[in-house]
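Q: Could you take me through the charged side chains here, up close? I'd like to know which ones pair up and where they sit.

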Amino acid sequence: MSKNRSSFTGKLGFVLAAAGSAVGLGNIWRFPYLAAKYGGGIFLLTYIILAVTFGFTLMVAEIAIGRKTGLSAIGAYKALDKRFSFVGYIASVVPIIILPYYCVIGGWVMKYFTVFITGAGHSAALDNYFDSFIADPVEPIGWFLLYLAFTAVVVFLGVEKGIEKVSKIMMPVLVVLTIIIAIYTVTLDGAWQGVIYYIKPDFSNFSATTVLAAMGQLFYSMSLSMGIMITYGSYMKKDVCLESSVRQIEVFDTGIAFLAGLMVIPAVFAFSAGDPEALGKGPGLMFVTLPKVFDTITGGTFVGILFFLLVLFAALTSSISLMETIVSIFTDKFKIKRRTACLAVIAICLLLGIPSSLGNGLWNGIRILNMDFLTFFDFASNSVLMPIAALITCIFIGYFIKPKTIIEEAEIGGKFKNKALFTVVIKFIAPVCIVLILISSVLVAFGIMKI
Ligand code: PHE
């Protein structure tokens, strides 16, 4: 264990830093469109149940592994059991797949921020605005490059602390603004139908894809199964209570996702009467509905500017932590300079990010397993690699190092109230669920099941 590993000053510092990585586009952009698409209330319910059982267990496990070993993913698994070092590698591939398309979406947010700040918000409310923007072969790539450059400069100069400070102020503002927008959306004409769709579980909408999507979203949103929480855990002091920190991160992350859904889904009903096609819009949902909401508010341009600026910050803290993780994996593993590692990450982002953008227009005909590039990368990371890493982690903890190793670590800084839940989930429930998830992913990949 390295002695001079820096650590977070206290519990609040830890919770805020982990929440900074967890809260991002996953909550504000991805959660609402999945909830809209996969059955509304039933998706929300499935997600919450998974978060408090499964998400809780995995997050406790990852943070404890990090804190126990004082190492990040690859080293941590190796230190606990040499035969399991490969899990660290699987987990390391995930951020490499996510970062490029994360920057594509980050670019969309930048574009919308600029549209609003130049006073053109009204045009963004028009039908087809979003679709024709992402289908353009040049413009979205420009925004992608700009967003990537921004992230890279911050990581390159090592000034993420500055960004983090700013985002600690911005984050609470984002929460307040989201609440205000949600209240406004909910009171729009016809929106109530949407609130009901979003909150009331309709069991006839339930299917295996609901669980598949909810579980993938859980990994994504809580930054699980990609080594990130292990790294954060390695910076956590021993006297901080692990269980309550995890609860707080979870409540924060899920709370923001819930509010984002409340802001977006009722708007779909207000503007298109819950048309299934509008609900199933997918990645564009937030970009299509929110400008319409802002268009009806007096002072909507200002609200739009503020909103997209805040989302941009939430996204940046996440993409910075993604890039930082990859850079540190590269520097440790290949013994290269930070600068070289940054350049390598940029090259990978260009290689995977440009097709992700073009896949929405020019290259829409090129499909992998019948998915465009962005959807494919999203699917490969959230529905395939993360479940695999999570499954092996559960088996590793449940049957090799034993749950008690994690429980002991968690009890150093305070009581671990839910250790019975933890043990049952990690040994039995989680492995079974994940295997089912993986089976459905395979069925989706081969077109037997529809996602
Ligand atoms: N959890 C982040 C989000 O919800 C995404 C992310 C994943 C960020 C992994 C960092 C690391 O947007």
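**Charges on the surface and in pairs**

A: Let's start on the surface, where K78, K82, K333 and K335 gather in a patch of positive charge. Keep in mind that this is a predicted model. One of the four, K78, belongs to helix 4 (residues 73-80). K78 has a relative accessible area of 43%, so it falls between the 20% and 50% cut-offs and counts as partly exposed.

Now for the pairs. Side chains of opposite charge can pair when their charged atoms come close. This structure has ten salt bridges.

Take K292 and D127, whose side chains meet in a salt bridge at 2.7 Å, N to O. K292 is in helix 15 (residues 285-296), while D127 is in the loop between helix 6 (121-124) and helix 7 (129-135), so this pair ties together parts that are 165 residues apart in sequence.

E250 is buried, with 4% relative accessibility, but R247 is partly exposed, with 26%.

Then there's E411 with K419, a salt bridge whose closest N and O atoms are 2.9 Å apart. Here E411 is partly exposed at 31% relative accessibility, and K419 is partly exposed at 30%.

Finally, salt bridges can join up: R67, K238 and E409 are linked in a network of them.

Technical notes
Residues are numbered from 1 along each chain as its sequence is written. This is a predicted model: local features need pLDDT of at least 70, side-chain atom pairs count only at pLDDT 80 or more; totals for chains, interfaces and linings use all residues. Side-chain values use heavy atoms; hydrogens and water are left out. Patches are made of residues with over 30% relative accessible area and no salt bridge: like charges are joined within 9 Å, nonpolar side chains (Val, Leu, Ile, Met, Phe, Trp, Tyr) within 5 Å. Accessible areas come from the Shrake-Rupley method with a 1.4 Å probe; for residues, only the protein chains shown count as cover. A salt bridge is a side-chain nitrogen of Lys or Arg within 4 Å of a carboxyl oxygen of Asp or Glu. Lys and Arg count as positive and Asp and Glu as negative; His and the chain ends are not counted. The place of a charge is taken as NZ of Lys, CZ of Arg, CG of Asp or CD of Glu. Helices (H or I, at least four residues) and strands (E, at least two) are DSSP runs, numbered from the N terminus. Buried means under 20% relative accessible area, exposed over 50%, partly exposed in between (1.4 Å probe, protein chains only).
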